[in-house]
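Visitor: I would like to go through this model term by term. Please set each value against its definition.

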Amino acid sequence: MEKHYINKNLRIKGDAGSGRFAWRSPSNIAIVKYWGKYGVQLPSNPSLSFTLSEATTTMDLSWAMKDKPSENIEIDFFFENKEAPKFKTKIEAFLNSIQDVFPFLKQLELEFNSTNTFPHSAGIASSASSMSALALCLCSLEKEIFEGKAGELTDQEFLQKASYIARLGSGSACRSLYPHAATWGEFGQEGSSKFYASAYTKLHEVFKTYCDSILIVSSGEKPVSSRAGHALMKDHPFSDVRFSNARANLDKLTWALENGELDEFGVILEREALELHGLMMNSNPSFILMRPNTLSIIEKVRAFRAQTKCPLYFTLDAGPNVHLLYPKAVEKQVREFIQSDLLEHCEGQQVIHDFVGTGPLDL
């Protein structure tokens, strides 16, 4: 844990009353993937993602002083207005793990209510949107109660701290805090850090309106968690090659993003997706998250691109669903292609038409 954020003496004196916060935070889609970690949620290679707009989590936090102090953090947690014991256990464990940063949480009664606009645990980075929304609520809570202390943070410092907290809950969540695109991990960009993500600001205008149509091949829960997948990189025979490739791809990607090079962007996008899933298939034990319909979509996308020269490229996160990325200028053409050729491969013909967004919203 980075010492800068540890504040073991941050306790509430007197009655702080009660209150409520709500943040809506987006998921993100990684272009250069984060796969493999060490220490406390530190990435083995730097990554870069687009921040999405429509695939979001809204986290509502209500809080009040406890009648009787206790040494444990205890919460109520609702997912889409229903009690969610599995999520409650996970979030309680997370909050207890960050007591060195927010020791005052055990003085409070906390109730969370979370809602998603997309299926969770299906490879659409639901942990990214949910943990970033949660981190923003916690930082807002601290800011309100301790105005004049934590409240002295600038907007940039506030987001940086929220990114740091989000990372401790879910690595990729730290990238969802920024508009358009974000990087996480140390590389050539000034201010890059392994502790929190940073906004990527050299984006060519064409990428600021990029579209991401998410084809839902399966909304079922993944058989292997991302956490377990990351752990398998520790003794993976190709880990050194992978981390080297990721750095090389990031260098090429940032050039493409800065110069509006759509085809170079697309080549790296697909290479990263297939390398990620290749690593899963080569791990011990191995696992396959792609489904037959995932491959059918990929084959049709490649054939469509060869025939039309349309800059339509795919990527995959750690799941079976396919993200199709393309510029706004060809949106009509791509949507017609999805409607006519790809919907038959989607569960319930479900597609989320998303696009690069402007980041979280304080509700």
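Guide: We start at the second largest pocket, where α1 gives the most to the lining, with 4 residues. The model is predicted: local features need pLDDT of at least 70, side-chain atom pairs count only at pLDDT 80 or more, and totals for chains, interfaces and linings use all residues. Residues are numbered from 1 along each chain as its sequence is written, and side-chain values use heavy atoms, without hydrogens and water.

Visitor: Which residues lie nearest the centre of the second largest pocket?

Guide: Phe94, Ser97, Leu168, Gly169 and Arg227, out of 13 lining residues. By class, the lining has 7 nonpolar, 3 polar and 3 charged residues. Gly counts as polar, and Asp, Glu, Lys and Arg as charged.

Visitor: How many helices and strands does the protein chain have?

Guide: The chain has 9 helices and 14 strands.

Visitor: What makes the protein chain as compact as a globular protein of that length?

Guide: Its radius of gyration is 21 Å, close to the 21 Å that the globule rule gives for 363 residues, so the chain is as compact as a globular protein of that length. The radius is taken over C-alpha atoms; the rule is 2.2 Å times the number of residues to the power 0.38.

Visitor: What percentage of the 363 residues is buried?

Guide: Buried residues make up 56%. Buried means under 20% relative accessible area, with a 1.4 Å probe and protein chains only.

Terms used:
On a 1 Å grid over the protein atoms alone, a cavity is a set of points where a 1.4 Å probe fits but cannot get out, and a pocket is an open set with protein on both sides within 12 Å along at least five of seven lines; lining residues have an atom within 4 Å of a point. Helices (H or I, at least four residues) and strands (E, at least two) are DSSP runs, numbered from the N terminus. Buried means under 20% relative accessible area, exposed over 50%, partly exposed in between (1.4 Å probe, protein chains only).
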